[in-house]
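Student: Hi! Could you walk me through this structure with me asking as we go?
Tutor: Happy to, let's get it on screen.

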Amino acid sequence: MVFCVRVQKKQEESTMKNIGVRVVSATSILPVSAFAAGEGTPDAEPGVAVQEEDASTVTYTLSGSCNNQTINMPGKDVIINITGNVTSATGKGILLRVVTAKNLTINGTGYEVDAGSGTFITVQDMEFDGKLTIEGGTYKSTGIVLQLMENESSTNSYSVVLNHVTIEAGNIAVANQNKNAAVNIHGGKYSNSFQNAVLLNNGVLTVDGNAVVESANGIAVQNNAGTVTFKNGRYTSAGTT
């Protein structure tokens, strides 16, 4: 089974003490060093690597072909530095499932992530109440690229900041299904090819920085609930700007 791991063995013991590692279906849980133990030479594999860790922050690098991962780091800031193009090993499911972390930052400038027919990142609402920031990069899926789920029993609120990101979706680029989540888009380009909305909102959506939002066959934005603020940019729905 592929777990996309490049981890230095000296980090394994301390990493395993800091998180209860368990397997959910075919999904690895970050940090994934436990899965590399005893497998010979995990450093040679592309994928997820622990770059640095201290009491408050853990930093990973991400590249190559990766199985689906779960981020479950209570009370810690998590940083993911994308250092090469990334593809989903399964081509389906959720590449990064966020359960909990204090804050999550993904630095993807200059690289592309292809989730196949799956979702690049999904935030589950039960425990996450921090800030998700994605800096640059291109993210692709024939389905939904970024999904913010809602759990009716949770009142957690969190924010998502997308800085100069490119998202190319078949279905929906950003699906905010959570009334307690605020999405802030600064620049970048967002597009889809199906007869759906590029941006789906149920919470708070703010778009500025001359962002481009365009749908070849659907609509640029669908606001089911909440508020939408457009400060500038270009928005195209089914060929009409």
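**Tyrosine, core and ring pairs**

Tutor: Let's begin with Tyr235, which sits in strand S21, spanning residues 234–237. Keep in mind that this is a predicted model.

Student: Okay, how does Tyr235 count in terms of accessibility?
Tutor: Tyr235 counts as partly exposed because its relative accessibility is 21%, and buried would need under 20%.

Student: And what does the side chain of Tyr235 reach?
Tutor: The backbone oxygen of Asn232, at 2.4 Å.

Student: Switching topic: how many residues are in the largest nonpolar core?
Tutor: That core has 49 residues. Ile106, Phe120, Tyr139, Leu162 and Tyr190 have the most contacts inside it.

Student: Which residues does Phe120 touch, leaving out those up to four places away in sequence?
Tutor: Among them are Leu95, Leu96, Ile106, Val113 and Tyr139. Phe120 also touches Ala115, Ile134, Ile144 and Val145.

Student: Nice. How many aromatic pairs does the structure hold?
Tutor: Three. One of them is Phe128 with Tyr158, an edge-to-face pair with 5.3 Å centre to centre and 70° between the planes.

Student: Where in the chain do Phe128 and Tyr158 lie?
Tutor: Phe128 is in the loop between strands S7 (119–123) and S8 (131–135), while Tyr158 belongs to strand S11 (residues 158–163).

Student: Last one: are Phe128 and Tyr158 buried or exposed?
Tutor: Both Phe128 and Tyr158 are buried.

How values were computed. Residues are numbered from 1 along each chain as its sequence is written. This is a predicted model: local features need pLDDT of at least 70, side-chain atom pairs count only at pLDDT 80 or more; totals for chains, interfaces and linings use all residues. Side-chain values use heavy atoms; hydrogens and water are left out. Helices (H or I, at least four residues) and strands (E, at least two) are DSSP runs, numbered from the N terminus. Buried means under 20% relative accessible area, exposed over 50%, partly exposed in between (1.4 Å probe, protein chains only). A polar contact is a pair of N or O atoms within 3.5 Å; within protein, one must be able to donate a hydrogen and the other to accept it, and residues adjacent in sequence count only if both atoms are side-chain atoms. A nonpolar core is a set of buried Ala, Val, Leu, Ile, Met, Phe, Trp, Tyr and Cys residues joined through side-chain atoms within 4.5 Å. Contact means heavy atoms within 4.5 Å. Rings of Phe, Tyr and Trp (its six-membered ring) pair if their centres lie within 6.5 Å; planes under 30 degrees apart count as stacked, over 60 as edge-to-face and the rest as tilted.
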